[in-house]
Amino acid sequence: MTGELTSAAVPPPGPDDHWRGMGALLIVYADLGCPRCASAWAEIREREATVVFRHFPVASKHPRSPALHAAAEAAGVQGRFFEMVDSLYADRGRVDDPHLWQRVEDLGLNLERFEANRRSVSVAARVRRDFESGIRAGVTGTPAVFETPGRRAGS
Amino acid sequence: MIAAGEPAPDFTLRNQDGEKVSLAELRGRRVLLVFYPLDFSPVCTDQLSIYQEVLPEIEAKGVTVLGVSVDSGFAHKAFREKLGTEIQLLADFEPKGEVARAYGAYLEKVGHANRSLVLIDEEGVVEWVHESPTPLEIPGANLIFDALAASRGAR
């Protein structure tokens, strides 16, 4: 189910990371169910920066988070990862399944593919991979923003 | 603060359900004591939520995790429900902070424990200790896995 969780530096951006924008690098470990992340995101998305989004769902605190991260990842399979993240953070009160389907329709995605992907093992593994890299880097709260890869939280 | 190699002071405290939990009865298993300041303070919420997310990985290494603070069992019960955590919370309530004092984790000036981690081996000997520089600083879960990996390597 999982790899080692001993300390390790924040992995530098890789080819299958989610990133957008141009400029200085910002690696953001965020929880899609977290209100503090939502307000931080409103500011981060306006920055002139290359923003790398890493999944950090804390399910015990925000029970809906795993479903939201899987939804973003499934939207990403159809090329609309950040659009889904923006949409979820912009309207945090509507996150039940019918609301997700509405978002899928608004983004012009194929609902059937979305539904299959968001429940897939590979999507869950992709989300967990980011989460574990955050744990190894010492992330203890969200959002955790790293301006340079290789640093640990709190350092 | 107690140090590695010292015998772990025995204790019997009640958990969130009023059941007695004693360290001596856990001989044969490793125990991680998580001393934290107070239930419902925002920082603790993150700490125990994060540990909850990797609890299966910690328990898979034969470790029982016990949270300890000066709050009553009733507060613990509510706090645990709020966090959605399965981690047992022990009430170091009367005499207040006695167990935290025995481990050198009590902050007399503020009347609660510092954020400290104590790993105890199967024979009841302290294996590893981590004390936060301030109660505001949360030890990442990675530190726990580092300690478990180091002690495993030493055996």
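In chain B, Thr12(B) stands opposite Ser22(B), a residue of strand β2(B). The model is a predicted one, in which local features require pLDDT of at least 70 and side-chain atom pairs count only at pLDDT 80 or more, while totals for chains, interfaces and linings use all residues. Residues are numbered from 1 along each chain as its sequence is written, chains are lettered from A and ligands numbered from 1 in the order in which they are written, and side-chain values use heavy atoms, with hydrogens and water left out.

Strand β1 (residues 12-15) of chain B and β2(B) run antiparallel and are joined by 3 bridges. Helices (H or I, at least four residues) and strands (E, at least two) are DSSP runs, numbered from the N terminus, and two strands are taken to pair if DSSP finds at least two bridges between them. Both strands belong to an open sheet of 7 strands with mixed pairing, ordered β2-β1-β5-β4-β3-β8-β9 (chain B). At its edges are β2 (20-22) and β9 (126-131) of chain B, each of which pairs on one side only. Neighbouring strands of this sheet are turned by 30° against each other on average, direction ignored. Helix α3 (residues 73-83) of chain B packs on the sheet and touches β1, β4 (63-69) and β5 (88-91) of chain B; its direction makes about 160° with that of β5(B). Contact denotes heavy atoms within 4.5 Å; axes are lines fitted to C-alpha atoms, for helices over the stretch in contact, and angles run from 0 to 180 degrees between N-to-C directions.

Chain A contains an open sheet of 4 strands, in the order β1-β3-β2-β4 and with mixed pairing. Strands β1 (18-20) and β4 (144-146) of chain A stand at the edges with a single partner strand each, so one side of each is left without a neighbour in the sheet. From one strand to the next the twist averages 20°. Strands β2 (residues 24-30) and β3 (residues 49-55) of chain A pair in the parallel sense over 7 bridges, and Ala24(A) has Ala49(A) as its bridge partner in β3(A).

Helices α2 (residues 65-77) and α3 (residues 81-90) of chain A pack at an angle of about 145°, their axes lying 7 Å apart. Among the contributing residues are Leu68(A) and Ala71(A) of α2(A), and Phe81(A) and Met84(A) of α3(A). The residues of this contact comprise 8 nonpolar, 1 polar and 1 charged, where Ala, Val, Leu, Ile, Met, Phe, Trp, Tyr, Cys and Pro count as nonpolar, Asp, Glu, Lys and Arg as charged, and the others, Gly among them, as polar.

Between the chains, 22 residues of chain A are in contact with 22 residues of chain B. The two chains bury about 1,600 Å² between them, 56% of it on carbon and sulfur atoms; buried area is the accessible area (1.4 Å probe) that two parts lose on being put together, summed over both. Leu5(A), Ser60(A) and Thr140(A) supply 35% of the area that chain A buries against chain B, more than any other three residues.

The structure holds 1 cavity of 30 Å³ or more, a cavity being a set of points on a 1 Å grid over the protein atoms alone where a 1.4 Å probe fits but cannot get out, with lining residues having an atom within 4 Å of a point.

The peptide bond from Thr142(A) to Pro143(A) is cis, with omega near -5°, and Pro143(A) lies in the loop between α6 (121-136) and β4 of chain A.

How values were computed
On a 1 Å grid over the protein atoms alone, a cavity is a set of points where a 1.4 Å probe fits but cannot get out, and a pocket is an open set with protein on both sides within 12 Å along at least five of seven lines; lining residues have an atom within 4 Å of a point. Grid points are joined across faces, edges and corners, and a volume is the space filled by probe spheres set on the points.
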